[in-house]
Structures are given as structure tokens and as C-alpha cells.
Amino acid sequence: MWSRALRNNLKLNQIRGASTIVKGEPEAPVVKTDIPGPKSKQLLQELGSLQQAGTVQMFVNYDKSIGNYLVDADDNILLDTYTQISSLPLGYNHPELLKVFNDQHNMKCLINRPALGVFPGDDWPKRLNGILSEISPKLPNITTMMCGSCSNENAFKNIFITYQRKKRGENVEFTAEEKSSCVVNQPPGAPKLSIMSFKNAFHGRTLGSLSTTHSKYIHKIDIPSFDWPIATFPQYKYPLEENQRENEEQDKKCLAEVEELFEKYEKKGIPVAGIIVEPIQSEGGDNEASPQFFQQLQKIAKKNNAYLLIDEVQTGGGCTGKFWCHEHFNLETPPDIVTFSKKMQMGGYFHTAEMTPKQPSRVFNTWMGDPGKLIILETVIKVIKEQKLLENVLHTGTMLKIGLLELEKEFCYYVNSTRGRGTFLAINATDSNLRDEILTKLKAKGIQSGGCGTKSVRLRPALIFQEHHANIFLDKFRQVLKEIK
Ligand code: PSZ
């Protein structure tokens, strides 16, 4: 059942299982009350009178939470495999992060939050250079932003600006007509252009990015959207090794549709300037596509003079075993833009020099990121390197995947389709109700997990999630499936 690659991987990483990365963690989850418990319920009532709080699951004690364990307001201790929607790289209260703002210079960067586009600190170029040289996916420039949605949103603007500059000709001035028409939303200044995205994608909730999000109606209903092309993303059958031919067909069919949509939207008068794609569709159900799919997609984009934006907001930061998930794909050149946020703490994107607008003030806002968050990111990167956390992710991920495959075999009527890279893993329940039941039962046993798509359970642990945490998770998951049986 285990693939050879998985076994070899396991051997390679065997050495990592032994030592414990986080000191002072509890040994296991402890559940004392219903979740949410009485305190959380009371706080929920309070919050609900102030704002819409229907999404709140529980209140958290961030003083007591530690490592991979989240402690809630009722003192329940949960093993966290979801980590603040995949945005907590080193778990709770990591000792190195607790030290960061003891440094007076760092503290002053935090409290004197600058408008970075106008008055950056005198250490800003050096700090950005450090980030670029440490983690850039071979792209020379970086634009910092606030969150994932606003990174994608502004990256779209860079794409449109560059696309039009190429069309107009380098160094050609804007015409008077372009200048006057754009301020009233009309062409030629506000041209009809589009960004192609994929069904089931999630790229954010702000207006532009929402036009490329297609995972759930509740994100979109009542909100006007751009008429932009939406291609089908491959839907693979698992295990991959046994369904190779069919999955290759999926790739071909989807890529053919991408080509057709380029033509269709050109004819419609809304040419495609760029494609946005997640390396693994996350909110939409942890849908993977092969390296070959992404290689071909890049080729098609280039052939059509469109730019490729890879959205690594959820996949970036090491959880797939490489710092960027698309590094698994062996692309012939780096993508034009790679957006990030979540585990990176700060939003933004790496991009080619071509993507930089020639005129100032075209991609701009008040804060343009946050030096305080970049300082945290520097320490995160340092810890990832020093503690070899990518290796840890590969080791833990292999153990988790093997465990999930075993559960699949034992409980084939309930779960199937284990997939993913590193600890960025998912498994399907046979339907949505069963998936929801699994998540609820896991929580009652002290495991905070998350769902995605219509019937998937997804794992998004911190990079410090180790084999012994994986074993606790797998053990509780097994108990849950047994109870269902
Ligand atoms: O319900 C929501 O709004 C959620 S739940 C998880 C996300 C959003 N993920 C955010 C996300 C993402 O996964 C990808 C691939 N791209 C962009 C975004 C948007 O990031 P934020 O939420 O920072 O705007």
C-alpha cells in the first residue's frame, strides 16, 4: 500500500523523530468541558452583541497556549492541526519569538508603524534584501502588503499595468483620452482585461480577488463580479499510482480548456492578461495537480503573452516540505508573481523586475505591509533553518500520510483519497455530513482540525508538529472512525 517513494522518504528522515522541538508542551490533549465550554459561550454572547460572531468556534487563552497546543477559555487543551487557518509557523509562544520585541530597535519599529511607501525606516532596504536572499523563489523583487487578499488584488494590478505597458510600447506616454476615461471607469484608460482562475479556487474576498474565488456561494452571493474566465482544475483519483492514465487525461482536458478560454475571451474583447492558480487548491478541497500540469500551464501562459501568478498564501512557508510548494514542480522559469501571507506573517509578493510599474504611486497604500511582522518573519526563517524544520515537516508528513493510508484501508467505507505534500495533507470522508461529524468528534477528543471543500478533512499543523503529535492525532482519528463504525 505504501509507495516506494514514501518508504524511502521515511528512511531518509528516520533520524528526525527522536528529539522534541518544543519544551514545556503538555503530553496530550485534555478536554474538560463541551467545546465551546461555558466561558466561551458567555464570551460569544458578549461578542455577538457587538458584531457578527457566527464563525467563532471558541475563545482562546493565548497566554497559556504553547507549541502545538491551544488552550481555550475553559482550560481545554487541544492539539492544534489547523493553526489559525494555517498561519502559525512555529506554534504558540515560541521562545525565540517571545524575545523579538525585547530588542529596543525592534520594539521601536513595531510601535512607530511607518507608511512604508513614503517614509520607510533606514533599515528597510537591508531587511527586504535579507528576506529576498533567504527565501525568494528566484524572483528579484518584493512588494509588501497587508494580507492574502490584498496581495492578490495588488498583484493583479501589476499584471494589468505590465500587460498594457507592453501593448502600448515601453516609454510611450498615456494619451489624454486614456487619462480622462480611466477616472470614469471607461476604456481605453480602464481597459477590458481579465485574470483567468480555476473552479474551486480561493484567492481572497476583496472585490477583485473575489472574482477569482469559486469555492463557496456564501463568499460571493449578492456581490458583483468581473466577467473573467474560469477553467476547470484537475480532479484526480487516488491512489495516484493506480490512476495515472485517468489523471493524465484530466490534466490534458483542463489544459485544453485553458487554451480555449484564452481564445474565447480574446474574441469577447476581454483578453486574458494573467492566470492565478494555487499550487494545491486549499479552501476548495485540497485538490492537487501534477508538476506536468503546472509546467504546461506556464507554457500556455507564455504563448499567450499572459503572466502566471502562483498563489502561495496557504501553501507557502514550508508546510509542503519545500519553502514554496511550486518548487516541487520544476518549472522552466520562476512564475511571474508569487503571492504570500499567513505563515509569512506579512502579506506581499515576489515578482520579476518586469512586473515593477515604471511610474510611482500605481501600486500603493498607507502601510504597504508592516515592519513589525517582517521582524517576526526574520526570526521564523532563522528558526526554520536552525531547527531544520523543513526536514521535520517531511518526516512528520510521511508518518502522517502512512497513518492516514492505513486508516483508509481499515475504514474504507468512511474515508479515502489521502493526498498532499509534507504535512499539508487531506483525506476525504464519503460525504459532507460524515466529514462534519468527524471534525466534531475529533474536537471532543481534543483535536482542533479543519475541513475544506465539501467532504475533506485537512491537516495544517505548525512546522514544529512532530511524530509524537502525529501519533496522537492518528490515534484519536482512529477512535473517531471506530465510534462511527
Ligand atoms: O473564509 C475565509 O475567508 C478564508 S478561510 C482560509 C482562507 C480564507 N485562506 C486565505 C487565502 C488562501 O488560502 C489563498 C490560497 N489565497 C488567498 C487567501 C486570502 O488570504 P487572506 O484571508 O489573508 O485575505
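Me: When is a residue near the ligand, and which residues come nearest here?

Reply: A residue counts as near a molecule if one of its heavy atoms lies within 4 Å of it. In this predicted model, 15 residues are around the ligand, and Ser 149, Arg 205, Glu 283, Asp 311 and Gln 314 come nearest.

Me: How do the residues of the shell around the ligand divide into nonpolar, polar and charged?

Reply: Four residues of the shell are nonpolar, six are polar and five are charged.

Me: Which helix gives the largest share of the shell around the ligand?

Reply: That is helix 7, residues 148-168, from which three residues of the shell come.

Me: What is the distance from a polar side-chain atom of Ser 149 to an oxygen atom of the ligand?

Reply: A polar contact is a pair of N or O atoms within 3.5 Å. For Ser 149, a polar side-chain atom and an oxygen atom of the ligand are 2.5 Å apart. Lys 342 has an N or O atom in its side chain 3.1 Å from a nitrogen atom of the ligand. With Phe 202 the polar atom belongs to the backbone, and a nitrogen atom of the ligand lies 3.4 Å from it.

Me: How much of the area that the ligand exposes when taken alone is buried by the protein?

Reply: Taken alone, the ligand exposes 530 Å², and the protein buries 82% of that.

Me: Into which domains is the protein chain divided?

Reply: Domain 1 is made of the segments 2-43, 80-94 and 388-483, while domain 2 runs over 113-384. Their C-alpha centres lie 29 Å apart. The contact between them takes 29 residues from domain 1 and 28 residues from domain 2.

Me: How much area do domain 1 and domain 2 bury between them?

Reply: About 2,300 Å² is buried between the two domains, 60% of it on carbon and sulfur atoms. On the domain 1 side, Leu 390, Arg 421 and Phe 424 lose the most area to domain 2, and together they make up 29% of what that side buries.

Me: What is the phi of Ile 85?

Reply: Ile 85 is not a glycine, yet its phi is positive, about 55 degrees. The residue is found in helix 3, residues 83-86.

Definitions and conventions
Residues are numbered from 1 along each chain as its sequence is written. This is a predicted model: local features need pLDDT of at least 70, side-chain atom pairs count only at pLDDT 80 or more; totals for chains, interfaces and linings use all residues. Side-chain values use heavy atoms; hydrogens and water are left out. A polar contact is a pair of N or O atoms within 3.5 Å; within protein, one must be able to donate a hydrogen and the other to accept it, and residues adjacent in sequence count only if both atoms are side-chain atoms. Accessible areas come from the Shrake-Rupley method with a 1.4 Å probe; for residues, only the protein chains shown count as cover. Helices (H or I, at least four residues) and strands (E, at least two) are DSSP runs, numbered from the N terminus. Ala, Val, Leu, Ile, Met, Phe, Trp, Tyr, Cys and Pro count as nonpolar, Asp, Glu, Lys and Arg as charged, and the others, Gly among them, as polar. Domain bounds come from an automatic or database domain assignment. Contact means heavy atoms within 4.5 Å. Buried area is the accessible area (1.4 Å probe) that two parts lose on being put together, summed over both.
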